[in-house]
There are 2 protein chains.
Amino acid sequence: MKRFSAELLGRQLTAIFTAWGMPADHVDQTVRAMLYADLSGIDSHGISMMALYQQHRKAGKLVMAPKIDVVQDGPVTALIDGGGGLGHAPGTMAMNRAIEKCMQLGLAAVGVRNSNHFGAAGYYAKLAADRGVIGMATTSGWKESIVPTFGAKPMFPTNPIAFAVPAGHNRPFVLDMATSTAAIGKFTLARRHGRKVPKDWALAPGGKPSTDPQVGLDHRLLTPLGGTREMGSHKGYGLAAMVEILSTVLTGGSYSPTRRQRYGDAAPFNVGHFFMTIHPAAFRPKVEFAADMDHLIDALYGTPRADRRQPVLVAGDPEETARREGTKRGIPLPDDLVALLTDIAGDCRAENLLKPASRRRKA
Amino acid sequence: MKRFSAELLGRQLTAIFTAWGMPADHVDQTVRAMLYADLSGIDSHGISMMALYQQHRKAGKLVMAPKIDVVQDGPVTALIDGGGGLGHAPGTMAMNRAIEKCMQLGLAAVGVRNSNHFGAAGYYAKLAADRGVIGMATTSGWKESIVPTFGAKPMFPTNPIAFAVPAGHNRPFVLDMATSTAAIGKFTLARRHGRKVPKDWALAPGGKPSTDPQVGLDHRLLTPLGGTREMGSHKGYGLAAMVEILSTVLTGGSYSPTRRQRYGDAAPFNVGHFFMTIHPAAFRPKVEFAADMDHLIDALYGTPRADRRQPVLVAGDPEETARREGTKRGIPLPDDLVALLTDIAGDCRAENLLKPASRRRKA
């Protein structure tokens, strides 16, 4: 895979979004959030989403210059209408508002409705931690993939939840997790390598487990975290439901399984997000909080290992490692993704900055 | 198993706590929370805890008439010091305070430090839902039982998290889950029936999985929700850490693995809890929120089944079913638990209201 600097990829995305008619401030927020995902090794939520964004845009499911409105605003809560555009701009706006509010009263929550894909949930949670406060972010989706325990049909998107917490000498704790057992991207990877997937990642139609990654990809019958009832899948299912409640029921977003039924196929996805912030200083001196976070994190790193070659990690470590590597050596993009960006740029007459393809285009 | 009415058991517990020197208002709050657990079928968190409470009391680890102090109080946040007593009274006080505060500004969070076991987390979350707002509750513990992914030593208690959400025609959604794969009580049950436990519920010393329930009970090397890295145990581990952060790092409670190290064995457990409330009306009209909760819950009940005899449940259903049964027919108590209550009552010279044993005592 060829590597590209985040700076170059950022300019390429900027060129495309600008050509799509996205306002400059939205472009900036969208590109930042997307590059965070790719730099952090969360490839599935960054540049690779451009295929889908392009598809949604062409299908009239994405407003490129949305009117983002604050429809409700209180001392510690707010509700933002995303205007039917991508979620990165309203998401960033919402989290920033939650951060500002919690600087005043120690706690805040901001919801977003009428939005779309917003990238990696951890990005927004980390915005809070980088400002010294605890952040939480959840989002709904538009495509059901998680099957409730005892069910045979998916009833939730992979409904992620993210938390980020600032520490002292340690980097922030950043937990960013789908509430399904495995991410869709892992099925794609298994298929590419001709491997089976573990038995309880997904079901075949009818409700029996399947190890064929193609079955997982075709039918999207993913198990909730836990995998089976015996292993606690009712907990993963419960968490997926709670993420849905915060992201859509609370904000006025659409619950996907009833959206089509209630509003028809042409209705906007009306994805919802939920952001929360907690200021440690509302509870105890910040320096004590940071010291105790370090005690916790240091203790976790010191956990005796099951396998001496594999250290115990703390949430956010793999992403941090990827970020260091990506910042130094560039972000690796598979050839088909480079080709896709080239096509998309060509399609909207944006400048193609990824050279080899650019040469091809000029030829 | 003999069944006893909640009313009778409540009077028995009241007699014991009163004899232990607990103030009347604390007794009332403690008994309510405990009976909720037993009525809801969460046996492990109700009356069966009396053995441990008695043990902690005798070991000087429980203050029976604690001074419960509000040490920090803002418009939407507060911090309560439990004074070293049981957690039910400060927990109830904290959740009620969070409910009152969120009636004003739509959102609130209250922490508790210097506490102890508080029963079932779902009880507190449901206090909020019963008042029409979303509730969340977490707690730390004093005994490590969850092993981080890749680790060979437990680094977290079973760190539960609970959410409750009011609906319209449906009863509230109530999710109450430990962040371990399985509860300790399930190991006791397997041992009693001479059964093995599923492979990935617990590890043997060294870090390999063990199916022997006795190994799980002796060593408390429980896996985090997910069970294995492949099945997403890093998510369960991350959630356990997040519950610990909210319950202890934020409140000034003790993180168990470092407590002994930092403060010695004689130090109080300093258990911490965290409570949060969100008022739906801060985001959208309450009637719309309730209608959408019903759409969600009704859709979940309508999920096609994997096995037609087993309907898809919604978080809180098993507890609701147990509560109906328990209210009608009484709470079933195993003989050894009745004997224990009898002993405890005898020991503190409280009246014994559970007849057969009472007769024995009089003989």
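**Helices, core and interface**

Start at the end of a helix: after H11(A) comes Gly330(A), and its phi is positive, near 95 degrees. Keep in mind that this is a predicted model.

H11 of chain A itself covers residues 317–329.

Now to helix H1 of chain A, residues 6–19. The 14 residues of this helix should span 20 Å at 1.5 Å a residue, and the end C-alpha atoms are 20 Å apart, which agrees. H1(A) is followed by Gly21(A), which has a positive phi, near 95 degrees.

Which residues of H1(A) are buried? They are Leu9(A), Gln12(A), Leu13(A), Ile16(A) and Phe17(A). Looking down the axis of H1(A), you find the buried residues within an arc of 130 degrees, so they line one face of the helix.

Next, the core. In soluble globular proteins, nonpolar side chains tend to be buried together. Here the largest nonpolar core has 220 residues. Those with the most contacts inside this core are Ala125, Phe173 and Phe275, in chain A and in chain B. Take Ala125(B): beyond its neighbours within four places in sequence, its contacts include Gly135(B), Met136(B), Ala137(B) and Phe163(B).

Last, the two chains. On chain A, 68 residues are in contact with 68 residues of chain B. Among the elements giving two or more residues to that side of chain A are strand E3 (77–81), strand E4 (107–115), helix H8 (233–249) and helix H10 (286–301). By type, the residues on this side of chain A are 41 nonpolar, 18 polar and nine charged.

How are the copies related? Chain A superposes on chain B by a rotation of 180 degrees with 0.0 Å of shift along the axis, at an RMSD of 0.0 Å. The two copies are therefore related as by a two-fold rotation axis. In chain A, Gly226(A) has the C-alpha nearest the axis, 2.2 Å from it. Both copies use the same surface: 100% of the contact residues of chain A recur in chain B.

Terms used
Residues are numbered from 1 along each chain as its sequence is written. Chains are lettered from A and ligands numbered from 1 in the order in which they are written. This is a predicted model: local features need pLDDT of at least 70, side-chain atom pairs count only at pLDDT 80 or more; totals for chains, interfaces and linings use all residues. Helices (H or I, at least four residues) and strands (E, at least two) are DSSP runs, numbered from the N terminus. The expected span of a helix is 1.5 Å times one less than its number of residues. A residue is buried if 20 or more other C-beta atoms lie within 10 Å of its own, exposed if 12 or fewer, and partly exposed in between; C-beta atoms are placed from the backbone. The arc is that of the directions from the helix axis to the C-beta atoms. A nonpolar core is a set of buried Ala, Val, Leu, Ile, Met, Phe, Trp, Tyr and Cys residues joined through C-beta atoms within 7 Å. Two residues are in contact if their C-beta atoms, placed from the backbone, lie within 7 Å. Ala, Val, Leu, Ile, Met, Phe, Trp, Tyr, Cys and Pro count as nonpolar, Asp, Glu, Lys and Arg as charged, and the others, Gly among them, as polar. Copies are superposed by least squares on the C-alpha atoms of residues with pLDDT of at least 70 in both.
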